Amino acid sequence: MIDLILFTAPGSILSAAVAGVFGLLLGSFLNVVIHRVPKMMQRESDNYVAMENGKELPHADRYNLIVPRSACPHCGHQITALENIPVFSYLAIGGKCTQCKAPISKRYPLVEALTGGLSAYLIWHFGSGLAGLSSLLFAYLLIAMTFIDADTQFLPDDLTYPLLWCGLLLNVYGVFVPLQDAVIGAAAGYLVLWSIYWLFKLTTGKEGMGYGDFKLLAALGAWMGWGMLPIIILLSSIVGAVVGLSMISLTKRGKDHPIPFGPYLAAAGLIALLWGKTLTQDYIGLSF
């Protein structure tokens, strides 16, 4: 029975259901990653500056993905196990802290539901072999980076580099593309956005994107090869332009207000992983 669940071909409803439940649990952990990784990096930076200046460390307490326990940011109430069941706990307590009744962000159940739904679909699409299981890692890292970039306009190296190296290592065995395509994809992905960045900066004197975007596209190239880069760039640009213009018109945000590009790259990368070959061959007329 265990073998039937763990190693199945695409289209298995049972494996997809198991992956969905697992994804809900991982979604809860991803909420912690999204919230804490930027804070951890800021604390490390503060400590480094303090050490360089010969001052006492401002953050001497332990703060990582495990410690301290999750708590309400308003009253400090520690989240119990029953209050930490993905999606269901949020609905059961009405989206409010059980202690102080402060509202809890809707993002938490959204991330959990998104992770669970994607997990189920990816295993249904790829099966639960190496390609399917690695696609889960791909999706989890992209989800974390999407929301971190949306919050901070920063893509942490702690997430982009593992995504890049995992893509290259998996394609040593040709899981998604031949290794040669993966290596060229990683290099080309970085250089394309790097070139656009410098062209835009030299022309306007402004920075149009961050270095994290270069690394993310390099990682996507490492997973799917150089042949998927055109469709990823096209999709991310179209979605980014539509969302950006909508935000300017609906929220009256200034044109100079920076909009993170990472979420659009992540969405385009996921679409390319699932349907990239169909899009390039059937709709764009390219074959790689």
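Which helix of the protein has the lowest mean pLDDT, and which the highest? Helix H1 (residues 2-6) has the lowest, 48, and helix H6 (residues 157-170) the highest, 97.

**View 1. Confidence along the predicted model.** This is a predicted model: local features need pLDDT of at least 70, side-chain atom pairs count only at pLDDT 80 or more, and totals for chains, interfaces and linings use all residues. Residues are numbered from 1 along each chain as its sequence is written, and side-chain values use heavy atoms, with hydrogens and water left out. pLDDT is the predictor's confidence in each residue, from 0 to 100. The protein averages 88. Of its residues, 91% reach 70 or more. Residues 1-5 stay under 50. For them the model has six contacts (heavy atoms within 4.5 Å) beyond four places in sequence. Helices (H or I, at least four residues) are DSSP runs, numbered from the N terminus.

View 2. A disulfide is a pair of cysteine sulfur atoms within 2.5 Å. By this rule the count is zero. Cys75 is in no disulfide either; its nearest cysteine sulfur, in Cys100, is 3.6 Å away. Cys72 is buried, at 9% relative accessibility. Cys75 is partly exposed, at 37%. Here buried means under 20% relative accessible area, exposed over 50%, and partly exposed in between (1.4 Å probe, protein chains only).

View 3. Rings of Phe, Tyr and Trp (its six-membered ring) pair if their centres lie within 6.5 Å; planes under 30 degrees apart count as stacked, over 60 as edge-to-face and the rest as tilted. The whole structure holds 11 such pairs. Tyr197 and Tyr211 are edge-to-face, with centres 5.4 Å apart and planes at 65°. Tyr197 lies in helix H7 (residues 179-204) and Tyr211 in helix H8 (residues 211-224), so the pair ties together parts 14 residues apart in sequence. Tyr197 is buried, at 3%. Tyr211 is partly exposed, at 37%. Tyr197 also pairs edge-to-face with Phe214: 5.4 Å centre to centre, 70° between the planes. This pair again links H7 to H8, across 17 residues. Phe214 is buried, at 0%. Tyr190, Tyr197, Trp198, Tyr211 and Phe214 form one aromatic cluster.

**View 4. A charge over a ring.** Arg36 lies over the face of Tyr63, at 5.4 Å from the ring centre. The rule asks for NZ of Lys or CZ of Arg within 6 Å of the ring centre and within 35 degrees of the ring normal.

**View 5. The largest nonpolar core.** A nonpolar core is a set of buried Ala, Val, Leu, Ile, Met, Phe, Trp, Tyr and Cys residues joined through side-chain atoms within 4.5 Å. The largest has 55 residues. Phe138, Leu163, Met224 and Ile232 have the most contacts inside it. Helices supplying at least two residues each include H2 (13-52), H4 (107-126) and H10 (262-283). H5 gives the most, with 11 residues.

**View 6. Around Leu216 and Leu163.** Leu216 sits in helix H8. Leu216 is buried, at 0% relative accessibility. Beyond four places in sequence, Leu216 touches residues including Leu142, Met145, Leu163 and Ala266. The C-alpha atoms of Leu216 and Ala71 are separated by 31 Å.
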